[in-house]
Amino acid sequence: MRILVTGGAGYIGSVSVEAFVAAGHEVTVLDDLSTGHRGAVSPAARLEVGSYGDTPAVAGLLDRYHIEAVLHCAAKSLVGESMTDPAKYFRENVAGGVALLEAMRTTGVRRIVFSSTAATYGMPERIPILETDPIQPINAYGETKRCVEGAIRWYGHGYGLRSVILRYFNAAGASAAYGESHDPETHLIPAVLRAAAAGRDVTLFGDDYPTPDGTCIRDYIHVEDLARAHMLALEATDPANALTGPATGPCEPLVCNLGSGTGFSNRQVVSAAEAVIGRPISVKVGPRRPGDPPILVASPQNAHEKLGWNASQGTLEQIIGSAWEWLRAHPAGYAE
Ligand SMILES: NC(=O)c1ccc[n+]([C@@H]2O[C@H](COP(=O)([O-])OP(=O)(O)OC[C@H]3O[C@@H](n4cnc5c(N)ncnc54)[C@H](O)[C@@H]3O)[C@@H](O)[C@H]2O)c1
């Protein structure tokens, strides 16, 4: 398949690009390198530096490389920043997302897989969370993802866009070659490992939540498991696949949570990291972060039933172990 991956120089995108090229697909990466890295793009893929929000440029690229399907991974995704600068998030994620859909519509590219998030659920009413549960984001980031989900849905009804919307829980871990390198790093596992490597304290935000040890509980999913889900989702957008609608006419997105179905508290993550690296990690407890729900755990049942997907690297030790290996091999992140 000829695939365009927006955000393919970012954390999740880079590991998916690696998997796609290994499976023999022709991959074009579109990335503005705002939070991604040139060095994170597999040399077997083609890198185009630019914004997915530039409709004419994207349309040119879709035509030039005869793209059949898009994995839309690129976005701004810092929850805190989305609260202080929502305009940036609506401009980039929503206006940019619609600009990308326009480029696809005008060039007749009708297959998309979208990187959405558990943040769309807001404060969930029950655990584990099902895709049919209410979508009521409590931060601007989650709201922008909901908006793009909505645009994709209506492009499906109006123009026959075939889509899979994937709501990731907490992506973590690394492949041997590609891992997580953000600045600032707001994700717990790389933050814990970086602090451990530097001999610094790691801060946990709040220990008075209604959970067994008082810290937040999250569902971690290995980034290579996400890459496999992306491939299955792209295949599901084939016009011959009824999961994403009839061969012609209006289509409805297939929506799947991607999580392991198991929650781990922040303190459990620190303990698992201590076991992986073989020494204690010093923890500091800070105030709660606004907008952090106590517990977010996915029901991955729909992805299992519809896509035949399971988390195959589900233990915390596997996930943290791979992230630790990558950090040790890349102590300063990517060279460029
Ligand atoms: N990391 C997680 O745990 C997690 C959880 C839920 C959802 N997500 C979603 O998954 C996707 C990937 O997340 P990530 O952690 O890999 O983020 P990331 O910041 O590492 O990657 C995003 C990539 O998009 C690029 N980008 C941003 N704006 C762009 C633009 N206008 N044009 C072209 N490229 C642009 C960045 O340079 C970067 O390479 C995002 O959409 C995010 O919202 C991530």
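User: How do the axes of helix α2 and helix α4 cross, and within what distance do they come?

Analyst: This is a predicted model. The axes of α2 (residues 55–64) and α4 (residues 86–107) come within 8 Å, and they cross at roughly 45 degrees. That angle makes the two helices oblique to each other, as angles between the ranges for roughly parallel and roughly perpendicular count as oblique. The crossing of α2 and α4 is right-handed.

User: Which residues of α2 and α4 meet, and how do they divide by class?

Analyst: On the α2 side the residues are T55, V58, A59, L62 and D63. They meet A99, L100, E102, A103, M104, T106 and T107 of α4. By class, the contact of α2 with α4 holds seven nonpolar, three polar and two charged residues.

User: Where do helices α6 and α10 stand in relation to each other?

Analyst: The axes of α6 (residues 188–198) and α10 (residues 316–329) come within 10 Å and cross at roughly 50 degrees. The two are therefore oblique, and their crossing is right-handed. From α6, the residues I189, L193, R194 and A197 take part. Their counterparts in α10 are L316, I319, I320, A323, W324 and L327. Nine residues of this contact are nonpolar, none is polar and one is charged.

User: Turning to sheets, what is the strand order in the open sheet of seven strands?

Analyst: The order is β3-β2-β1-β4-β5-β6-β11, with parallel pairing. At the edges are β3 (46–49) and β11 (254–258), each of which pairs on one side only. From one strand to the next, the twist averages 20 degrees.

User: How many bridges join β6 to β11, and what is the bridge partner of L166?

Analyst: Strand β6 (residues 162–168) runs parallel to β11, and five bridges join them. L166 has C256 in β11 as its bridge partner.

User: Which strands of the sheet does helix α5 touch, and which does α7 lie across?

Analyst: Helix α5 (residues 140–159) packs on the sheet and touches β5 (111–117), β6 and β11. The direction of α5 makes about 160 degrees with that of β5. Helix α7 (residues 223–236) lies across β1 (2–6), β4 (69–72), β5, β6 and β11. Its reference strand for direction is β6, to which α7 runs at about 160 degrees.

User: What is the order of the open sheet of three strands?

Analyst: The order is β12-β9-β14, and the pairing is mixed. β12 (264–265) and β14 (295–296) each have a single partner strand, so one side of each is left without a neighbour in the sheet. Strand β9 (residues 217–218) pairs with β12 in the antiparallel sense over two bridges. Within that pairing, R218 stands opposite F264 of β12.

User: What describes a pair of aromatic rings, and how many such pairs does a search of the whole structure find?

Analyst: The description rests on the distance of the centres and the angle of the planes. Searching the whole structure finds three aromatic pairs. One of them is Y121 with F169. Their ring centres are 6.4 Å apart and their planes are at 35 degrees, so the pair is tilted.

User: Where do Y121 and F169 lie?

Analyst: Y121 lies in the loop between β5 and α5, and F169 in the loop between β6 and β7 (170–172). The pair therefore ties together parts that are 48 residues apart in sequence.

Terms used
Residues are numbered from 1 along each chain as its sequence is written. This is a predicted model: local features need pLDDT of at least 70, side-chain atom pairs count only at pLDDT 80 or more; totals for chains, interfaces and linings use all residues. Side-chain values use heavy atoms; hydrogens and water are left out. Axes are lines fitted to C-alpha atoms, for helices over the stretch in contact, and angles run from 0 to 180 degrees between N-to-C directions. Helices (H or I, at least four residues) and strands (E, at least two) are DSSP runs, numbered from the N terminus. Angles under 35 degrees count as roughly parallel, over 145 as roughly antiparallel, 65 to 115 as roughly perpendicular and the rest as oblique. A crossing is left-handed if the near helix is turned anticlockwise from the far one by less than a right angle, and right-handed if clockwise. Contact means heavy atoms within 4.5 Å. Ala, Val, Leu, Ile, Met, Phe, Trp, Tyr, Cys and Pro count as nonpolar, Asp, Glu, Lys and Arg as charged, and the others, Gly among them, as polar. Two strands pair if DSSP finds at least two bridges between them. Rings of Phe, Tyr and Trp (its six-membered ring) pair if their centres lie within 6.5 Å; planes under 30 degrees apart count as stacked, over 60 as edge-to-face and the rest as tilted.
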